[in-house]
Amino acid sequence: MDPKQKQQIEQYFEKNRNQLVEDVKRLVRIRSDRGDPAQDAPFGEAPKAALLEAVDLCRERGMQTENMDNYVLTADLGPEEPGLDILAHLDVVPVADNWTVCDPFEPVEKEGKLYGRGTADDKGPAVAALWAMACVKELGVPLKRRCRLILGTDEECGGGDIAHYYASNEEAPMTVSPDAEFPVINVEKGMYRSMVHVPLSGDSGIVSVEAGFKLNVVPDTAQAVLQGVDPKEIAPYIRMVARETDCTYAIGPMDDGKIRLICTGEGAHAASPETGNNALTALIAALANLPVQGEDHKRMQALNWLFPHGDYLGEALGVAQSDSISGELTLSLNMCKTVDGELQLQYDCRCPLCATEDNLVKAASAAAASVGLTIDETRIFPPHHVSADSDFIKTLLRCYEEWTGDEGKCLYIGGGTYVHMLKHGVAFGAAMPGVDNRMHGADEFARIDDLIAMGKIYAQTILELCC
Ligand SMILES: [Zn+2]
């Protein structure tokens, strides 16, 4: 870019560094997790309060604002003609009482980091985007197309905010969202979730199997209740399986002569199941290896054959696949309930662009049928993909490279972001590669240098895409 313009952006952010951080603090001090809807507060009073504070912030920076029924706030710069939308959010996830650095709603700066709920997800990036627009305004470069900041209040709990916005507004020709990571995420895999049915007659001493609390979480614990089984007799079999699964197992007596078999592994997000150690598949492996007879036991072996412990790619189920743009399919069996004489198990699969109803949905059902089990035929929730060859994406990568000196490249992820349903939208920042901001966890933080860098990257992006 023009060296003079680059220097102006540089100076603008150095001059306003402290003010930008103070603005982030103003938003972080407003606890804005979702509450009960009330009159004029569709997601509760807390997200609405954050939205009203953001109206003030945007006006202070000279933006044209519109509050859309307390669902979203828009702040505009430039002419009417739509150009670039920036999509960020003001709601946060709830906090637990395990914060060690500060009160989550009383932000503090420490060693170059700003701590507090929402500093990284997504209030800090929202403010940095606003300051990027303010920078472009101060530079006085006329825009040919509009830059619009859209600040939502329901990203974490369902997306009712942007559904409301897009019900009466067209998607802009280009949209970026600083609600994930740099450089650019241009592919979000599809999602395929279904249920496996395993009849349970009680002829093998297996009374029930339970695991999981959320379909998108790999369970860290699972338990089975067994009847007429001698704990001493099964112990060596369990030990053998434990060596293979690397999970821990505990056998405990219950009041009525039954025993409880509890398996403990490690939890993970279903978008990256390989980072955990699935307690449910480890428990199934143990049940399949018990020295018992009966049809139920055979069905456990079939289940163990379809979902062997450690297979996060769907190989045994016959659905493993990958492509160069969107990577590998991942799959994890995350929930199990015992209902009306059957086990109902649910899995979460994140599938690449090459996945189809035939090579995924029908293939899984056929594999289950071949061992006498049933899988419901459910639909694939479509993936998201914006071509890396577009000028739009090339420009984003160039802006990123300009300010970081690092190579810009496109990434794919298993999860979904704010732009999943948009045709021409991608996640662009705001976390820098390799930085774990502890989003959704305790001691969430944003590095102040990274927020400033994001502001500069976005300022150049607006200049390049709207002029
Ligand atoms: Zn977020």
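Because the model is predicted, local features were considered only at a pLDDT of at least 70 and side-chain atom pairs only at pLDDT 80 or more, whereas totals for chains, interfaces and linings use all residues. Residues are numbered from 1 along each chain as its sequence is written.

The protein chain contains ten helices and 27 strands, where helices (H or I, at least four residues) and strands (E, at least two) are DSSP runs numbered from the N terminus. Along its principal axes, the C-alpha trace spans about 80 × 45 × 45 Å. Of the 467 residues, 47% count as buried, a residue being buried if 20 or more other C-beta atoms lie within 10 Å of its own, exposed if 12 or fewer, and partly exposed in between, with C-beta atoms placed from the backbone. Among contacts between residues at least 6 apart in sequence, 74% join residues at least 24 apart, two residues being in contact if their C-beta atoms, placed from the backbone, lie within 7 Å.

Two packed helices are described by the angle between their axes and the distance between the axes. Here axes are lines fitted to C-alpha atoms, for helices over the stretch in contact, and angles run from 0 to 180 degrees between N-to-C directions. Angles under 35 degrees count as roughly parallel, over 145 as roughly antiparallel, 65 to 115 as roughly perpendicular and the rest as oblique. A crossing is left-handed if the near helix is turned anticlockwise from the far one by less than a right angle, and right-handed if clockwise.

Helix α1 (residues 3–28) and helix α2 (residues 45–60) have axes that come within 9 Å and cross at roughly 155 degrees, which makes α1 roughly antiparallel to α2. Their crossing is right-handed, and in this contact Asp23, Arg26 and Leu27 of α1 meet Ala50, Glu53, Ala54 and Leu57 of α2. By class, the residues of the contact of α1 with α2 comprise four nonpolar, no polar and three charged, with Ala, Val, Leu, Ile, Met, Phe, Trp, Tyr, Cys and Pro counted as nonpolar, Asp, Glu, Lys and Arg as charged, and the others, Gly among them, as polar.

Helix α1 also packs against α3 at an angle of about 140 degrees, with the axes 9 Å apart, and the two helices are therefore oblique to each other. The crossing of α1 past α3 is right-handed. The residues that α1 brings to this contact include Tyr12, Phe13, Leu20 and Asp23, and those of α3 include Lys123, Val127, Trp131 and Glu138; the contact as a whole divides into twelve nonpolar, three polar and three charged residues.

Helix α3 (residues 123–139) in turn meets helix α10 (residues 448–466), their axes coming within 8 Å and crossing at roughly 45 degrees, so that α3 is oblique to α10. This crossing, too, is right-handed.

Most residues other than glycine have a negative phi, and most peptide bonds are trans. A cis peptide bond with omega of about 5 degrees joins Asp121 and Asp122, the latter residue being found in the loop between β5 (113–115) and α3. A further cis peptide bond, with omega of about 5 degrees, joins Gly429 and Ala430, and Ala430 lies in strand β26.

Asp40, in the loop between α1 and α2, has a positive phi near 60 degrees and is exposed, with 9 other C-beta atoms within 10 Å. Asp443 likewise has a positive phi of about 60 degrees although it is not a glycine; this residue lies in the loop between β26 and β27 and counts as partly exposed, with 16 C-beta neighbours inside 10 Å.

Ala442 lies in the loop between β26 (430–431) and β27 (445–447) and is partly exposed, with 15 other C-beta atoms within 10 Å. Not counting residues up to four places away in sequence, Ala442 touches Ala96, Asn98, Trp99 and Thr100. Ala442 and Gly116, which are 326 residues apart in sequence, are 8.8 Å apart in space, C-alpha to C-alpha.
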